[in-house]
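Hi there,

Here is the structure I promised to pass on to you. Have a look at it first, and then read my notes below.

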Amino acid sequence: MGIIKLQDSFQDKCGIVGIYSFDESVDVSSWIYSGLYTLQHRGQESAGISVFKEGRINTHVGMGLVSDVFDNDLLDILNGNVGIGHVRYSTTGKSELDNGQPFVEHEDNITIAEAHNGDIVNSALLREELISQGYDFRSTTDSEVICHLIIDEFNKCGDAVESIKAACKKLIGSYSFVVVINGILYAVRDPLGMKPLALGGDDEFIVIASETVAFDSLDMEYNRTIEPGEILEIDNGEMNSYYLPKSEHTANCMFEYLYFARPDSIIFDKSVYDVRLNIGKQLAEEYPIDGDVVIAVPDSAIPATLSYSRHSGIPYAEGLIKNRYVGRTFIMPTQKDRDIAVKLKMNTVDAVVKDKRVIVLDDSVVRGTTSRTIIKMLRDAGAKEVHLLIGCPEIISQCYYGIAMATKEELIAVGRTNEEIRDEIGVDSIGYISIEGLVKSIGTPREDLCLGCITGDYPTIIPPELEKED
């Protein structure tokens, strides 16, 4: 018996928030809470807030949703005008309290809290080196490695910016992180710009967040994206930027557009909603299917489906309704139980699909298990034909940068033709957006995107021991 995920999808590693108040008497914990609440879609396993006041960092971390972890009494005692917050999905390290963030350390010359989004592919080697130097780890995550690296470098030079620079030079992988060092807030993004990180605020606050929707919820303005390789220092109401060595290209994660980010966000200086509309238009051009109705697998595929309908002329309808109150996992020992789990999360509107040629849009297909169940549900509801269109090209390889997906052997597109995938899922036809069509939809040059999971070509070196795990 094992844990079966209800959603045949990805997990992105985390959402982060950092807030500085110009007024030292203002406690930012409630503002961080609101920002994390808006970023809840980026992580539902744990949540944490750290604030700095009078030389100390006050922290609370708990398992579960933001609203479960914090209440007014907790927020009232998290005092300080500068702080950071984190919501987590696990990719490196188990889902347990010790792996919750922010990570906090108090030493003689440094007080630090750090929260990270991404994945460090050489973290195991760095961890061994730090342990050999006497550093103790309470977690199994790569994020704590970053924290100890900064401490180690700070102990050598005593300068926070130089410590961050030296630590980052040792990191291979993806990272956007916020860190408070001795009361000063820093926001850092890797030179390839794999994960999003944005700057916003108003006359009272400076805010850092994974997505711009956090600014919207706080009624603050979006100013700009944190640049790839930028170290933004926020101290005494002033901002200064320092930079890691530049890369020739960026490697923006394309799945941020397809799945992770909320459609009302701006990431990498582009509207997520507009990109998803472009994907629907592109699918309509690549797959002009005769159908009676087009429906979405909710929620991330809805904008693309609306656009497909608009450009194909086929009516859009809600043929699948999502139950938003179902938890993320269940213990499901049999295939029948797993089918029931999907049905608990999603149900068909029979009147929409009965006796119809149905076109279904989804953002991606990983193992194909959820897709098979959904297609069977539509067949059982009386659909005459079912055609599946996917807003992501075939996933053929592992991700090493913060997306917890199946092993290579489990990926349905590995070693199968599209016709074989069609037959296995049980649809009349299946169509994946082309790589060229996806790049066109995003509007970013191909060389500036991370497409490793759909091409097998990665923007960084991958340690041999990780490649063997595929």
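**Around S265**

S265 sits in the loop that links α8 (254-260) to β16 (266-267). Helices (H or I, at least four residues) and strands (E, at least two) are DSSP runs, numbered from the N terminus. Please keep in mind that this is a predicted model, where local features need pLDDT of at least 70 and side-chain atom pairs count only at pLDDT 80 or more, while totals for chains, interfaces and linings use all residues. Residues are numbered from 1 along each chain as its sequence is written, and side-chain values use heavy atoms, leaving out hydrogens and water.

Is S265 buried or exposed? S265 is buried, because its relative accessibility is 1%; buried means under 20% relative accessible area, exposed over 50%, and partly exposed in between (1.4 Å probe, protein chains only). Beyond its neighbours within four places in sequence, S265 is in contact (heavy atoms within 4.5 Å) with E211, T212, V213, K270, S271 and V272.

**The sheet**

Next, find the open sheet of six strands, which are antiparallel in their pairing and ordered β6-β7-β8-β9-β13-β14. Its edge strands, β6 (103-106) and β14 (238-243), each pair on one side only; two strands pair if DSSP finds at least two bridges between them. Between β6 and β7 (residues 111-120), which run antiparallel, there are four bridges. One example to look up is V104, whose bridge partner in β7 is A113.

Enjoy exploring!
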